[in-house]
Amino acid sequence: MNAELSPSATGTGKPLGRLGALTGLVIKRLLVSDDVAAAKFGTDSPIDDPVREQQVLDQVRDQATELGLDPVAATAFFQDQITASKVVQKGLFARWTAHPDEAPTTRPDLDQIRTRLNQLTTDLLNELKATVPVRGEPTICTVELAVAAGSGAVLDHLDSLHRQALRGAVHSVCTAR
């Protein structure tokens, strides 16, 4: 891949601020979207999978309730994660279609990827719980989120596609309590 489409594969940067850990997990989830795209590219597996998406959201709703989080707000946050993942997948599909020499040569196992995504879901929900006080203060949350998202994008060398997806993925962080 060219430099414009090659973020770090691991999400190893540590975004700054009180929302840094949450943002770091969001970035890790976005980078897993690259593997999802590679698993689906050139197959009959669609990017949009409403059945799987609903399963994830139902799971989130249940886990959020158990954690004492607002299940509606948590579901909205995870809908943002799903939408951001699709942004990445569609962007990579378009790139790989236009530049077949950049397409993945191996296909990751989608079941293994989903296991990673399930763990990230749990981690993200726990971090949502841990950041309720910060996220409950709109001005502070907005500043902390800008610091975390900006530093995370730089530290993880996110390209324009992944930065665009990150903006969507953190859209409801300051409203999800």
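Reply: Happy to. Let's begin with H157: at a relative accessible area of 55%, it is exposed, because the cut-off for that label is over 50%. Keep in mind that this is a predicted model.

Me: Where is H157 found?

Reply: Look in the loop between α6 and α7. While you're there, check the backbone: H157 isn't a glycine, yet its phi is positive, about 55°.

Me: Let me try S151 for contrast. Is S151 buried or exposed?

Reply: Buried: its relative accessible area is 11%, and the label applies because that is under 20%. S151 has its place in helix α6. Once you set aside neighbours within four places in sequence, S151 is in contact with P15 and L16.

Me: Back up a bit. How many helices and strands are there in the chain?

Reply: The chain has 7 helices and 0 strands, so reading along the sequence gives α-α-α-α-α-α-α.

Me: And how do I judge the overall shape?

Reply: Compare the radius of gyration with what a compact globule would have. For 177 residues that would be near 16 Å, and the chain has 16 Å, which agrees. The C-alpha trace spans about 45 × 35 × 20 Å along its principal axes. As for burial, 48% of the 177 residues count as buried.

Me: What share of the contacts with a separation of 6 or more comes from residues 24 or more positions apart?

Reply: In this chain, 84%. A73 is in helix α3 and counts as buried, at 10% relative accessibility. Now try Q79, also placed in helix α3.

Me: Next, the core. What should I expect in general?

Reply: In soluble globular proteins, nonpolar side chains tend to be buried together. Here, the largest nonpolar core has 49 residues. Those with the most contacts inside this core are L19, F77, F78, W96, L125, L166 and V173.

Me: Which helices each supply at least two residues of this core?

Reply: They are α1 (20-40), α2 (50-67), α3 (71-98), α4 (110-130), α6 (138-155) and α7 (160-169). The largest share, 11 residues, comes from α1.

Me: Last one: how do I read a helix pair, say α2 and α4?

Reply: Start with the axes, then move to the side chains. The axes of α2 and α4 come within 10 Å and cross at roughly 35°, and the crossing is right-handed. On the α2 side, the contact is made by R52, Q59, V60, Q63, A64 and L67. From α4 come R114, N118, T121, T122, L125, N126 and K129.

Me: How many nonpolar, polar and charged residues does the contact of α2 with α4 have?

Reply: By class, there are 4 nonpolar, 6 polar and 3 charged residues. One of the α4 residues in that contact is L125, which you've already met among the core residues with the most contacts.

Note on methods
Residues are numbered from 1 along each chain as its sequence is written. This is a predicted model: local features need pLDDT of at least 70, side-chain atom pairs count only at pLDDT 80 or more; totals for chains, interfaces and linings use all residues. Side-chain values use heavy atoms; hydrogens and water are left out. A nonpolar core is a set of buried Ala, Val, Leu, Ile, Met, Phe, Trp, Tyr and Cys residues joined through side-chain atoms within 4.5 Å. Buried means under 20% relative accessible area, exposed over 50%, partly exposed in between (1.4 Å probe, protein chains only). Helices (H or I, at least four residues) and strands (E, at least two) are DSSP runs, numbered from the N terminus. Axes are lines fitted to C-alpha atoms, for helices over the stretch in contact, and angles run from 0 to 180 degrees between N-to-C directions. A crossing is left-handed if the near helix is turned anticlockwise from the far one by less than a right angle, and right-handed if clockwise. Contact means heavy atoms within 4.5 Å. Ala, Val, Leu, Ile, Met, Phe, Trp, Tyr, Cys and Pro count as nonpolar, Asp, Glu, Lys and Arg as charged, and the others, Gly among them, as polar. The radius of gyration is taken over C-alpha atoms; the globule rule is 2.2 Å times the number of residues to the power 0.38.
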